[in-house]
Structures are given as structure tokens and as C-alpha cells.
Amino acid sequence: MAKMADVCFGPAGIPIQCDGNSTLDGVKCCAELGLRAMEMEFVQGVRLKEKDAKEVGVAASELGISLSSHAPYFINFCSKEKTKVDNSIRNLFQSAAITAAAGGRITVFHPGFYQKQPPEEAYAAAKKNLLETYEKIKAAKADKVILGAETVGKKSAFGGFYEVVKLASELDFVQPVLDFAHMHARRDFLIKNEEDYRKIFGVLEKELGDYVNHFHSHFSEIKYSEKGELSHLPLGTNKEPPIEPLIRVIVENGYGGTIICETPKLDIDAQKMQRLYEKMLKA
Ligand SMILES: [Zn+2]
């Protein structure tokens, strides 16, 4: 029997079609919009309280919304400055702990910056500091949550596709978060068609096996320069990268996972992606 694909779609943050502005409102609104995922944005700091996170978790589980979170932007596990590293560890730990309280599956983070270090040095620092973060997460019994190393969009940032895949293959509590727009803007992969997506998933199947059945990803179209990403664009603006071939490759292989929409139109574009997926599933 062919594998049945199951992909959840949802916005990066509270839907723009939502009247309320709390995380709980966001979860309820996603359900009303027919979406099945939401990423809680802790990008400026972890402000959700544990008590509220638990309430969010109850609602999400009742409404069938799969929760993830995005840790603060200022995390840098490759820094040479101890205070910055300590701060990064604390912030990723807090993000994971609150995500665990909400019953979420994964906390996404941007690994760091090279800052003149050779890539191997940046890699070693990131690995060491992630191990330290995980010790704290385990001690707090929040280790149901996976740490999601996102593929970054700037050439100056540590977290190219292969770096992230390597981290995930060496640390079982880390998974890649495929940000296709970033991969395209950073030139890790020029993404134009189905063949390009097949190459990406081919590497993932080879290196990480089962990951393709529960991948976590971000999608947006993107404006970029020589140095990488500039800004996220709504679906249908420049089709870089294109969404249709991605969905087709996912459906044809029966891959499963989550696609979080990071365009400026968040939930509106997430609904578009979901409709496309449902249409291709039926075709
Ligand atoms: Zn991100």
C-alpha cells in the first residue's frame, strides 16, 4: 500500500485573520480557518507564561492543532563571548520548556554566525553548546521537545543545509527545519522545479531516514541579494522558490510533516498552500 502523506499547514504566529492577539486566540482561530498547525513566535523573547502555555496546549490538543515554536532571533551558539553563549543557551532552553508545557513538538532556532571563524570551528561550537542546552532541557523533563536547527538565509550565518543535516545526524535531539526560501536565497540549493526538491529530500532520506515522514519546514517566497535573504514575499510574487513543485514532490512520495507559512500573509497563504495540497492529493 502506498504511504499516505499527512502534511499540516499553519501560520508563523497568530493568524492575521484573527481578532484576538493571544496565543490561545491564535490556536482557536487556526482551527476556525481549517488549519492544523501554528508556530508560536518567541522571536523577540519568551513571554508566554507556563500557566498560559498549559491552557494553550489543552486547546491545541482538543482542536487538533500541532504546535511548534520559534526561539529568539538573537541566539548565537557560535559566539566566542561567554555571555552571549550563556544567553543563547538560556533562551533556547526557555523556549523549549514553554513549548513542552504547551505540548508542542519542536522549537526552531537559528544556530549562529561564523564571525570570521572557519566553518568547522563554528560547527564544533554549535554542537558543544547544543549539548549543554539539551542537558538543561533533560533535567527539566522537557525533552519531549525536539530542537529544530533552521536552514539560515544569510551567507554570514552558520546553518547551511548540509551543516544542519550534519548536526541532526550527530545529535538525536536535533532535527533540521527546512526553510526553502532561505536555502534558495543563500544558494545552498537553487530551487526552480520538482527535480530540485527531489534532490533535497533525497539527501534527507539518505542521511536522516525517517525524518521525511515528520519533517518541519518554513515556506515563503523571498527577495535576496548576493549576501542572501532580504525579505519574505507573499505567494505568487516572484515564485522564488515555487510552492507547486514542492507540494507535488511531497504528495508523490507520501512524505509527512509540517509546513509553516512565513509569508507576510501568514494564514491566508497557509490556506492557499493547504488547498493546493488537498487538490493534488485528490488528483
Ligand atoms: Zn527562522
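Is C18 buried or exposed? C18 counts as buried, at 14% relative accessibility. For this talk, buried is under 20% relative accessible area, exposed is over 50%, and partly exposed lies in between, with a 1.4 Å probe and protein chains only.

Some notes on the source. This is a predicted model in which local features need pLDDT of at least 70 and side-chain atom pairs count only at pLDDT 80 or more, whereas totals for chains, interfaces and linings use all residues. Residues are numbered from 1 along each chain as its sequence is written, and side-chain values use heavy atoms, with hydrogens and water left out.

I begin with the cysteines. A disulfide is taken here as a pair of cysteine sulfur atoms within 2.5 Å. By a search of the whole structure, zero disulfides are found.

I turn now to the charged side chains. The criterion for a salt bridge is a side-chain nitrogen of Lys or Arg within 4 Å of a carboxyl oxygen of Asp or Glu. How many salt bridges does this rule give? The count comes to 16.

One of them joins K84 to E81, with 3.5 Å between the closest N and O atoms. Both partners are partly exposed: K84 has a relative accessible area of 39%, and E81 has one of 42%.

A further salt bridge brings together the side chains of E194 and R248, at 3.0 Å from N to O. Because E194 lies in helix α7 (residues 194–208) and R248 in helix α8 (residues 244–253), the pair ties together parts that are 54 residues apart in sequence. Helices here are DSSP runs of H or I with at least four residues, strands are runs of E with at least two, and both are numbered from the N terminus. R248 counts as partly exposed, at 37% relative accessibility.

Within helix α7, E195 and R198 are three residues apart, about one turn of the helix. Their side chains meet in a salt bridge of 2.9 Å, N to O. E195 is partly exposed at 42% relative accessible area, and R198 is partly exposed at 31%.

Which residues are linked in a network of salt bridges? The network consists of E194, E195, R198, R248 and E252.
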